[in-house]
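Please find below my notes on the model under review.

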Amino acid sequence: MTSVAERLLARARQSGAEHAEVYVSTGTEFTVEVFKGEIESLVSAESRGVGLRTFREHRIGFSYTSELEPAALDRLVDEALENGRYNTAEDANVLPQPESIDPLDGLASSAHAPTDPQRKIDFALEMERRATALDPRVRRVSKALYSDGRGEVEIANSHGLSAGYARTIAYGVLDTIAEQDSEMQSGFAFTHGRDLGELDLAGVVAEAVENAAGLLGARPVPTASVPVVFHPHAAAMILGVLSSSFSADAVIKRRSLLAGKVGQQVGSAIVDISDDPRLAQGLASRPFDGEGVPSRRNSLIENGVLQGYLQNTYTAMRTQSQSTGSAVRSYKSVPEVGVSNLVLKPGSLSRDALLKRVDNGLHVEQLSGLNTVNPVSGEFSLGLTGHWIEKGQLTRPVKELTVAGNVIALLQKVIALADDLRFMFAGGFIGSPSVLIEELPVGGL
Amino acid sequence: MPLLEPSLVDSVIKRALKSGADFVELFVERKRNQSISVEESKVQRISSGNDLGAGLRIIHRGTVSYVYTEDLSEDGLLRSADLAAQVGRRGGGRFALADLAGDAHKPQLIEVPPESVGPEAKIELLLEADQAARAVSGSIRQVAVGYGQSAQEVLVATSEGMQHVDSRTRVRLMVHAVAERNGEIQTAMEAPGMQQGFEFFDQTSPAEYARAAAQRAVALLDAAPSPAGAMPVVIGNEFGGVLFHEACGHGLEADFVGKGSTVFTGKIGQPVASPIVTAIDDGTLTSRWGTLSVDDEGVPTRRNTLIQDGVLVSYMFDRIRAGQQNHPVTGNGRRQSYQHLPIPRMTNTFIAAGAHSVADIIAATPHGLYAKKLGAGQVDVTTGDFVFAVTEGYLIENGQIGRPVRGATIVGNGPRALHRIDMVGNDLKLAPGTCGKEGQAVPVSVGQPTIRISELTVGGTGIGPAGAMRP
């Protein structure tokens, strides 16, 4: 245990807390953004902070600070206890007992720290250079950015828990602008890994260029009811809207679409969804959650049937169940319930084989208006951009299409899943393959 | 007590200059906040936080480098100064800052500092609001009420010898109501806020806002699905201004303009809107959510006319973009915190009031949609295409407000919509919001009077990824 954690736990007990929990986070960041072959900005930093929860007569107090001087830590204890005085006392307000935590290898890359900053700058420059060299219609890049970081988490509580882990992340982001006649289209792609060496330079460039240039000349099409294939990224973004409904807290607070549906068929029989914080390639992977509870894979939907909800210690106490190790937080917040790596299980079809099942339909690549979706009712009205599918092939680009409906209804219409699992950041680290939906009314001309 | 001893400010800047930097800027920030939430009619959470940190920006041979830290000891800061100098030594960029200009206006006075008010009074207001919302109807099945306060102090000092401090105190109320009937769910929210002390609640009744949210959620249960298609759309005042903010405001930020990634690039002096449209960004308004004495680069804020009678007059600049584009500063350099580089951002942005009453506008519209309140939206800055949710909408039939509709979205293109504004009301109001861009969230106001757009698509249309704004 670090001295900060020790000092806070001891002081909290002395000041009248029956129990206490300390969450310390430290991190580094390096970010470079380039524009037209030159560095636009470089950011380099070390950062830290600590959050404290106190428990007294089943009342939780919480406060956080970025100041680690002794006087500031003492103030932190006083503030947390003071806040706790006004909170509602609940039997469910308890700290978890320590359990043994299986280590999770591969979260932090040993190649991360020694990587020469110049190579990172070169990566960003090369993304920009190659994007404008690949397709004459892409003459400009509006963002070429490389960023990485290493974060360390330490958690300790008065039940004797003391645990920590480190995690590294590196990613590149590329925004392109394609132009033809007077039309402009923007394209976006990103690549991620544990360190620079894991990033896919050629892939991110090809995708950002294709996303912009491939949609030039897109036209509206007439309204039709057709099979729809969602690109993995588009599907992941829709799953992101659903993710909050898996939280037992949302169920308790009557804000979940899935409330009261355990054991019911909420998706078609081929839909399997799990939340897996121990996934090797998952950027949200962690050996334990925000309360120090060991993490584990949680099956949420199996063969279309809802299996249960994600729980932290509080919601588990309230619903007479067990924590699923799903507390998410930063040092600035108390542990909430949330997803880590949420995955829609891929099928066995190749992407081409999936498309071959569509004679006349729509391939959705970009969604708009996702933040207008109501996560409580699940109702959505989205704008769609992509390509028309004819005889199993992507043909002309199409835009200004709309689809309205309900997220649950969509899950029930899933008839095929490809094997091309991809991940996106969408309220969690969310993975999906290409998804074929039976038929949707698509609004157009 | 100063955020940082003046002698330490000096020595940090001198240390960074020693490496040969052309420019050094130190930004120090302390932010204290408190939030209280009531759910299930009881205090669910009360928490407080304390952020203190510094960011050091240096420009060395045209390259910008930035280092931030929470370690404000002399050793810690000098180490950061060395690191910034080392990172920045690469050089070879082409950045220079525009000169400072203008005087800072006086910071507003806070009558009752929120920190001086105990939690009891705040909790009482929240419980009143909770009860008021639940009393509206048996169909209200959940109410969440929240209170938030923050006090941010910033210090900006540069190697030019400039030094400014600013203090920003905000209080806000949030009410979220969920109504349910026969398995159908509708929600509504209200979230008023000002840069004031606790005296904010002298004029703001949490119970009234709670009732309004609950009534709207219940009314939506009876609303019919919105018709789709092209039609005239009347957009309500206050948060309706989010449409201008997203679909046009971001396109007038000088970083996008500098990269040619907005439709407004190169259009200064040209008509970009209907001649009845004047749009303004004003960081000096008293007590507003996006008001600043100086921006986060120490530049005094001002009232900037963006569009005058339909003609594009100005973009919004930070010092870097003003320097690049050879333009005077406008006081729009903002950052989420000491952990972020400043970029051009809006402050309080609105369409100026026009001549018509709301009644005139409705009466002059034979049929269409009255989008009285807008919710979240999305816009592609490159194309100007947007989508917004209508959270309170009515059909307009024969020049009268008709039945409520739900699930409507309005979709269109910012520049085209600006040209199609054919009536502007006299009921200008502003509303607070949190604007997200490049991963940085900053408080802003949006606003407008009631306006009519002669034709917009109701339903949906396709656009790409973009910035996001939440109320």
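1. The domain bounds used in this note come from an automatic or database domain assignment. The structure is a predicted model. In chain B, that assignment gives domain 1 as 114–153 + 165–222 and domain 2 as 229–470. The C-alpha centres of these two domains of chain B lie 25 Å apart.

2. Where the two domains of chain B meet, domain 1 contributes 14 residues and domain 2 contributes 13 residues. On the domain 1 side, the elements of chain B giving two or more residues are strand S5 (163–181), strand S6 (184–190), strand S7 (193–194) and helix H5 (206–221). S5(B) supplies the largest share of that side, four residues. By residue class, the domain 1 side divides into four nonpolar, four polar and six charged residues.

3. The contact between the chains takes 55 residues from chain A and 63 residues from chain B. Several elements of chain A give two or more residues to its side, among them strand S3 (59–65), helix H2 (70–85) and strand S16 (393–406). The largest share of the chain A side, 12 residues, is that of S2(A). The residues on this side comprise 17 nonpolar, 24 polar and 14 charged.

4. Strand pairing also links the chains. S3(A) is joined by four bridges to strand S2 (residues 42–60) of chain B, and the two strands run parallel. Which residue of S2(B) does A:Tyr64 stand opposite? The residue is B:Gly49.

Key. Residues are numbered from 1 along each chain as its sequence is written. Chains are lettered from A and ligands numbered from 1 in the order in which they are written. This is a predicted model: local features need pLDDT of at least 70, side-chain atom pairs count only at pLDDT 80 or more; totals for chains, interfaces and linings use all residues. Two residues are in contact if their C-beta atoms, placed from the backbone, lie within 7 Å. Ala, Val, Leu, Ile, Met, Phe, Trp, Tyr, Cys and Pro count as nonpolar, Asp, Glu, Lys and Arg as charged, and the others, Gly among them, as polar. Two strands pair if DSSP finds at least two bridges between them.
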